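Please open the structure in the viewer and display the side chains.

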Amino acid sequence: MARLRCGVNADRILSRARSRARVLLLVAPLLLTACEWFTDFKRQPSLWTWEPVKDSLTPSRGNPQFSVPTTGTAVAGFQVSYGAFPVTIDSMSSLRNPTPASDSSLANGRKYFTINCVPCHGDRAMGDGPATRYGMPGINLTTDMTKARTDGYIFGMIRNGRGLMPPYNRIEEMDRWDVVNYVRALQGLNGKTVQVGALAPPGVTGDKVPGPTVLGPQRPAPFSPPRTLLPGAQNEASPAAGAQQGLQPTTPTDTARARTDSTKARDAARARSTR
């Protein structure tokens, strides 16, 4: 009997040891991956001004990608994707260039072309940029095929990129049309004579480098009373109709004051909740 009991106890001990080993094998991956299950939202991703979003070639601009500025956009990200595909770029061929080829537009286009495009395309867009000496194929923008492209197509190429060309969304939309005008001048299609070559000696800043974003809102977003957005309420949107109903016309100053008041009320509520 004593030997039988010893055998049963040994089997029980061995079974428990095996069970503990299985549990340890299941828990070990969770312990080794250093996952935090309860962070209380104390550590969250943050983005500093001008911090690169994905890599050193994609700096953070004033507005997040796919957002629509208060000034409007030629084509939003939810309308046409940012995919570098021929069909996607072809879909932007019908975009109309809203910027005339004025002297200021050509000067601005030259600045952005020199900074972003000359390394591959060259000063005169003939595909002889300095990068071609290091294996980059030369892409000539003055050929008949490129001249036949529409302004919208060139705009889409800058926006999305394709093949060896990366997207250049760091060139903001209105500046992008200036680049299109400058390329047209280099192609000899708009009857304009433009300067080529370096903008200034190395180290010069000021107006020779890109300025601050112009897409960010410089004023409060306009506010419309909800009732004016209902069908058949067009007449209510006028100041006269609003006055008849006892509504005061809303101005950007009123909107800013309302935002400030709501922010103060929110902060006061938070202060009370932490006491």
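The model is a predicted one.

**Stop 1: the aromatic pairs**

How many aromatic pairs does a search of the whole structure find? The search returns 2.

Select Phe113 and Tyr182 to begin. Their ring centres are 5.4 Å apart and their planes stand at 50°. Planes under 30 degrees apart would count as stacked and those over 60 as edge-to-face, so this pair is classed as tilted. Colour helix 3 (residues 103-116), which holds Phe113, and helix 7 (residues 173-187), which holds Tyr182. The pair therefore ties together parts that lie 69 residues apart in sequence. Phe113 is buried, at a relative accessible area of 1%, and Tyr182 is likewise buried, at 1%.

Next, select Phe155 and Trp177. Here the ring centres are 4.2 Å apart and the planes are at 15°, so the pair is stacked. Phe155 belongs to helix 6 (residues 151-160) and Trp177 to helix 7, so this pair joins parts separated by 22 residues in sequence. Phe155 has a relative accessible area of 0% and is buried; Trp177, at 1% relative accessibility, also counts as buried.

**Stop 2: charges over rings**

The charged end of Arg176 sits over the ring of Phe155, 5.0 Å from its centre.

Then move to Arg159 and Tyr82. The charged end of Arg159 lies over the Tyr82 ring, at 3.9 Å from the ring centre.

**Stop 3: Thr88**

Select Thr88, which is located in helix 2 (residues 86-90). Is Thr88 buried or exposed? Its relative accessible area is 14%; since buried means under 20%, Thr88 is buried. Show its surroundings as well: setting aside residues up to four places away in sequence, Thr88 touches Val80, Ser81, Gly83 and Asn160.

**Stop 4: Leu186**

Return to helix 7 and select Leu186, which lies within that helix. Leu186 is buried, with a relative accessible area of 18%.

Which residues are in contact with Leu186, leaving aside neighbours within four places in sequence? They are Phe113, Asp123, Arg124, Ala125, Thr142, Val194 and Val196.

Finally, draw a distance between the C-alpha atoms of Leu186 and Leu141. The separation is 8.6 Å, although the two residues are 45 residues apart along the chain.

Note on methods
Residues numbered from 1 in each chain as written. Predicted model: local features only at pLDDT ≥ 70, side-chain atom pairs only at ≥ 80, totals over all residues. Heavy atoms only, no water. Phe/Tyr/Trp six-rings, centres within 6.5 Å; stacked < 30°, edge-to-face > 60°. Helix = DSSP H or I, 4+ residues; strand = E, 2+ residues; numbered from the N terminus. Buried < 20%, exposed > 50% of the residue type's maximum accessible area, 1.4 Å probe, protein only. Lys NZ or Arg CZ within 6 Å of the ring centre and 35° of its normal. Contact = heavy atoms within 4.5 Å.
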